[in-house]
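Notebook open, pencil ready. I am going to look up a few residues one by one and write down what I find.

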Amino acid sequence: MEQIALTINDRQLSASSGMTILEVAKENSIDIPALCYRQELSPIGACRICVVEVERSETLVGSCHTPIAQGMVIHTHSKKVLQVRKTMVELLLASHCGNCFMCDKANICELRSIATDLEVGLPRFQVKKRYYPVEDASPFIVRDLTKCILCRRCVSACNEIKKEKVFGIAYRGFDSKVVVDFDQPIDKDVCRDCDVCISFCPTGALSKHGEIGEEKKGEPLIISG
Amino acid sequence: MNKINGEIYMQNKEQKELLVRLGEAQNKFGYLSEKVMIELAESLDMSISDVYGVATFYSFFSIRPQGRNIIRICKSVPCFLKNSQVIIETVEKEIGIKPGETTPNGKFSFHLTNCIGVCDKAPAMMINSEVYIDLTPNKISQILKAHK
C-alpha cells in the first residue's frame, strides 16, 4: 500500500494511504477526543468533537472521517481547535438534560468525561432541552432519550455489528430523534440477549433493567473551567 | 479503515430509489400512510425506521392526511424582513387555523416552510405546487377564494 508522508503537531510521520487522520494520530499516540467515532463502526462525523486543523483547508475537518493525503500538515491541539472542540461539547451539554447527579452513568459517561478533560465549565448557552418519557416496555433495554446526544452509535452498532436495523433517525433539526419503526417505544424481540447498542451508548440514554447503582462506582467526574 | 471507501450504509441501488418512491406515493395518496411506508420498506429491503426517518425529514412529505389545498408560507429571513408575519396572520384569520393544522372541512392545510427560492419577490408562499409572490394581505383573500 502506498505510503503517505504527513506532519501532525510538527512531527513528520508516514502512514498507509486510506487511513484517516484519527487513525494515524492514534497509531502515533496522539490523543484526539471523539464521541460518535468508535473503531468498530463506520465513521460518520456526527459529533464534530474530533475536529483538527489542516493547513490550507478553509475549515476544520473531522479527523475520524477525513482520509490522509500527501504532505498534509495537521494540528490536533491548536488554540483554534481547542476552542471549537470546547464549544461543540458546550453545545451538546447545553441541550443535554444535565441531571448528571441523578444519572446512573454519571461517572462513566463519555460526554461528561470529555467535558471534564476539556474543562468546558457551565454551558454559556440557554437552549430548549429535549425531554422524552423513559421507555421501559422492553424487558431487554431501557431507553431514556432525554439523555441522548444523537451520536448515532446505537444506530450504527445495531446495523453493522448486530446486523439488525432496530433504530433510525427521524424528523429534522432540533426535533431529530433516534426512532424505532414509526417512532414507537422500543420493544423488539431481536433485542433479546443483545446489549450491543447499550454498550455503545456514550451517555445514560440506553441501559439494561435493574443495573442501578453499578456505574456510580467510577471516580467522580468534575467539570471545572 | 477501508470503510471510508468501501461499504457505506444505505447505498444499495434499490434504497436510492426511496425518495422517488416516497414522492410518487405522496402524489398519489396525498400523504404517506404507515401501510405505504411498510410496503416500501419491504420492497426496498430497508427498515421501517429508515423509511419513516426520510419521510419525516422532508417537509414536502406528510405522514398525516392533508387538506385538498396545502398552503406553505415561507418562514425564512428574507420573507420575515418583508413582513411575512402579517401574511401568516392574514391566512390564519382567513381560514381560521394555525400553522400545522388542517381546516375541519378538509379544504386547506397550512404549514410554514423554509425558503422556497423566490427571495427577490418576498414575501412568498406556495399553494400546492403554485408559487405566489409579492404578497399583501389584500392579495391573500383573492388567492384563497380561487381555491375555495
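**Entry 1**

I started with K163(A), which counts as exposed at 59% relative accessibility. My cut-offs for that word: exposed is over 50% relative accessible area, buried is under 20%, and partly exposed is in between, with a 1.4 Å probe and protein chains only. K163(A) sits in the loop between α4 and β7 (167-170) of chain A. For the element names I noted that helices (H or I, at least four residues) and strands (E, at least two) are DSSP runs, numbered from the N terminus. The phi of K163(A) is positive, about 60°, although this residue is not a glycine.

I then found another positive phi in a residue other than glycine: R152(A), with a value near 70°. R152(A) belongs to the loop between β6 (142-143) and α4 (153-161) of chain A. With a relative accessible area of 27%, R152(A) is partly exposed.

A reminder to myself: this is a predicted model, where local features need pLDDT of at least 70 and side-chain atom pairs count only at pLDDT 80 or more, while totals for chains, interfaces and linings use all residues. Residues are numbered from 1 along each chain as its sequence is written, chains are lettered from A and ligands numbered from 1 in the order in which they are written, and side-chain values use heavy atoms, with hydrogens and water left out.

**Entry 2: the cysteines of chain B**

Which residues does UniProt give the feature "binding site"? The unreviewed entry places this feature at C74(B), C79(B), C115(B) and C119(B). They are spread over 46 residues of sequence, yet they cluster in space, with a largest C-alpha distance of 9.4 Å. I kept in mind that UniProt positions are given in the numbering used here, that feature names are shortened, and that annotations may be inferred rather than shown by experiment.

Is C74(B) buried or exposed? C74(B) counts as buried, because its relative accessibility is 2%, under the 20% limit. I located C74(B) in strand β1 (residues 69-74) of chain B. Among the residues that C74(B) touches are C79(B), C115(B) and A124(B), not counting residues up to four places away in sequence; contact means heavy atoms within 4.5 Å.

C119(B) is partly exposed, with a relative accessible area of 37%. I found C119(B) in the loop between β2 (108-113) and β3 (125-127) of chain B. P123(B) is also placed in the loop between β2 and β3. The peptide bond from A122(B) to P123(B) is cis, with omega near -5°.

**Entry 3: S109(B)**

I moved on to S109(B), in strand β2 of chain B. S109(B) is buried, with a relative accessible area of 0%. What does its side chain make a polar contact with? The partner of S109(B) is the side chain of T102(B), at 2.8 Å. A polar contact is a pair of N or O atoms within 3.5 Å; within protein, one must be able to donate a hydrogen and the other to accept it, and residues adjacent in sequence count only if both atoms are side-chain atoms. S109(B) also touches other residues, including Q66(B), N69(B) and E101(B).

**Entry 4: N138(B)**

Last, I checked N138(B), which lies in helix α7 (residues 137-146) of chain B. N138(B) is exposed, with a relative accessible area of 64%.
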